[in-house]
Amino acid sequence: MSNVFILADFSGDKASKTTAELATAGARIGSVIAVVLAPNGKGAALAATVNQGPVTSVLVLESDDFSAHGVAASADALANLVKEKSPTALLVASHAFGKEVAARVAVLTESGIITDAIDIAADATATQSVFGGSTTVLSKVSHGTPIITVRPNSVEADFSASTPAIESATATIGAEAKKARISSSQPPVKGGRPELTEANIVVSGGRGTDGNFTAVEAFADSLGAAVGASRAATDAGWYPHSHQVGQTGKTVSPQLYVACGISGAIQHRAGMQTSKTIIVVNKDPEAPLFDIADFGVVGDLFNVLPKATEGVLARNS
Amino acid sequence: MKIAVCVKQVPDSWAEKKMVNGVLDRENVDAVLNDLDEYAVEEALRIAEEHGGNDEGGANTITLISMGPERATEAVRKGLSMGANDAILVTDAALAGSDALATSAVLAKVISDGGYDIVICGTESTDARMSVVPAMLSARLGWAQLTFASKVVVDPAGKVSITRVTEAGVDELSADFPVVISVVEKINEPRYPSFKGIMAAKKKTIDQKDLAAVGVSAQSAWSQVNDATPRPARAAGLKVNDEGNGGEALISFLAEKKLI
């Protein structure tokens, strides 16, 4: 059977949920080999956390160049591995780092690339949702090793435990990939809330919050949800830009999206309309977002959300 | 310093976009300069202004580099009216339907022939939204990749430092010239072209080149769209007025859908 490479994705020092999603998608094409790019001496510990989903084996490449030189060094090592081992496909998580690594590997291995796949079939055909979710596209790479980045939270992951064989390989990194030097790195400031793009539930606030996100945050916390914001809210400085959902922000497709005080400009829709279920709370009955809502409440979010929060907490207690 | 800014003409983000024969229909929509490229043009202007300006005889030049149909001169003109010095537009019928790999190959050839110190891009185009071209340019040129910058500091002696902001955190990076930079939208506030700028832009040169003039051959796309279907429109569901019970109604809906 053919081998499929996935680039294992980590959250801190543990394999992320996205890694299991990549493995699940990859297993449709062939046996999954998870590639772990690790600092010297950390490979075994990181590899041991790649234990969910249909992973056949883990291939560890250790080098301190990954943290010293970032994207280019990681891509160089991965491209050299792909050239040496000729996998049937390479799947990478569709975030900034993953897309840039995939882009460089595509150039270095002379391979076609597809980004932001939301599903992958056994013949490596990728499904994408484009133009703000208005069109579904099926594409296929026709040259080289198909390199596909997969949007987190899109593939329903098989989380069953696995005990893959762990092997190691040499990280080969050329001088050209070491030209950018990283002098310091800080992990994202993590609240107790899930990652926006990986969350099953997202509660977002917009202009209607008038700068006060407490009701939105309280409701999000009752549901274990991530907090998002419209561009109007982030531009006003009410919420960090990193939480912006929409065309120029993050694209999310959670099981449930609750939009509070967001009228629904097309740019915002572009970032959330592939959500499974959409709930809208807005004072303005004419807010365009009601047109795509599965359930809408015409009312003030400061009245509706606290009652809803109480309701969720009461059910959970 | 010689600064290049890669810009792209895209369909207006408000316009309805359609696929025709597996590629985006660019003919029948309003086209504009990619929003996110305006931040790149602004950053180039800011860097130039900080280090001697880019007026005639100034210490710096800013060249816009674009690939697209002849019509893309409109979008390029916008960048010129913001203050860039001149532009190169690669336009050739053989480039229709190019993917990011083919695009980056053409841009890289133009850039490497131009002898620039710094290339600045937006993080993505608002049509394809792949975010891959800056990384591809860096790989093709063998230049340092300084991408997703929320802050750029240039030492004209030949060094650039940036703050990279992504979901993975915040990194401080630096590299020697030449470098490929991409800038995120919170980096600056792009200026509106002044009347003077718009008038001046009319006289600036847009050097249109075909592939033969650039010296590369067209590369066909390495991925194909086999099927494109409009997503069925989402129908509006139940809408209730909050008369004190909106919160409860919301909870009932969530419970009914087994979401709580």
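1. In this predicted model, strand β4(A) and strand β5 (residues 57-62) of chain A run parallel and are joined by six bridges. Within that pairing, Ala34(A) stands opposite Val58(A) of β5(A). Strand β4 itself, residues 31-38 of chain A, is mostly covered, since seven of its eight residues are buried. β4(A) is also joined to strand β1 (residues 3-7) of chain A, again in parallel, and here the number of bridges is five; Phe5(A) stands opposite Ile33(A) of β4(A) in this pairing.

2. The next point concerns two helices of chain A. Helix α4 (residues 71-85) of chain A packs against α5(A) at an angle of about 45°, and their axes are 8 Å apart. This angle makes α4(A) oblique to α5(A), and the crossing of the two helices is right-handed. On the side of α4(A), the contact is made by Val71(A), Ala72(A), Ser74(A), Ala75(A), Leu78(A), Ala79(A), Val82(A) and Lys83(A), while α5(A) contributes Phe97(A), Glu100(A), Val101(A), Arg104(A), Val105(A), Leu108(A) and Thr109(A). Sorted by class, the contact of α4(A) with α5(A) has 10 nonpolar, two polar and three charged residues.

3. Which helix gives the largest share of the side of chain A that touches chain B? Between the chains, 70 residues of chain A are in contact with 62 residues of chain B. Helix α5 (residues 96-109) of chain A provides the largest share of the side of chain A that touches chain B, namely nine residues. By class, this side of chain A has 30 nonpolar, 29 polar and 11 charged residues.

4. Strands also pair from one chain to the other. Strand β9 (residues 135-141) of chain A and strand β14 (residues 223-230) of chain B pair in the antiparallel sense, and seven bridges are found between them. One of the positions to look for is Leu138(A), whose bridge partner in β14(B) is Asp227(B).

5. At the β14(A) end, strand β13 (residues 201-205) of chain A pairs with β14(A) in the parallel sense over four bridges, and Gly205(A) stands opposite Ala229(A) of β14(A).

6. The buried residues of α7(B) are Gly246(B), Gly247(B), Ala249(B), Leu250(B), Ile251(B), Phe253(B) and Leu254(B), and what covers them includes β16, β17 and α9 of chain A together with β15 of chain B. Just after α7(B), Lys258(B) takes a positive phi of about 60°.

7. The last point turns to chain B, which has seven helices and 15 strands. Of the 260 residues of chain B, 47% count as buried, and the C-alpha atoms of the chain fill a box of roughly 70 × 40 × 40 Å along the principal axes. Strand β9 (residues 144-155) of chain B pairs in the parallel sense with strand β12 (residues 179-183) of chain B over four bridges, where Leu146(B) stands opposite Ile181(B) of β12(B). β9(B) also pairs with strand β10 (residues 159-166) of chain B, in the antiparallel sense and over six bridges; here Val152(B) stands opposite Ile162(B) of β10(B). The hairpin of β9(B) and β10(B) has three residues between the strands, and in it Gly158(B) takes a positive phi near 130°.

Conventions:
Residues numbered from 1 in each chain as written. Chains lettered and ligands numbered in written order. Predicted model: local features only at pLDDT ≥ 70, side-chain atom pairs only at ≥ 80, totals over all residues. Buried ≥ 20, exposed ≤ 12 C-beta atoms within 10 Å, placed from the backbone. Pairing = 2+ DSSP bridges. Contact = placed C-beta atoms within 7 Å. Nonpolar A, V, L, I, M, F, W, Y, C, P; charged D, E, K, R; others polar. Axes fitted to C-alpha atoms, helices over the stretch in contact; angles between N-to-C directions. Parallel < 35°, antiparallel > 145°, perpendicular 65-115°, else oblique. Left-handed = near helix turned anticlockwise from the far one by under 90°.
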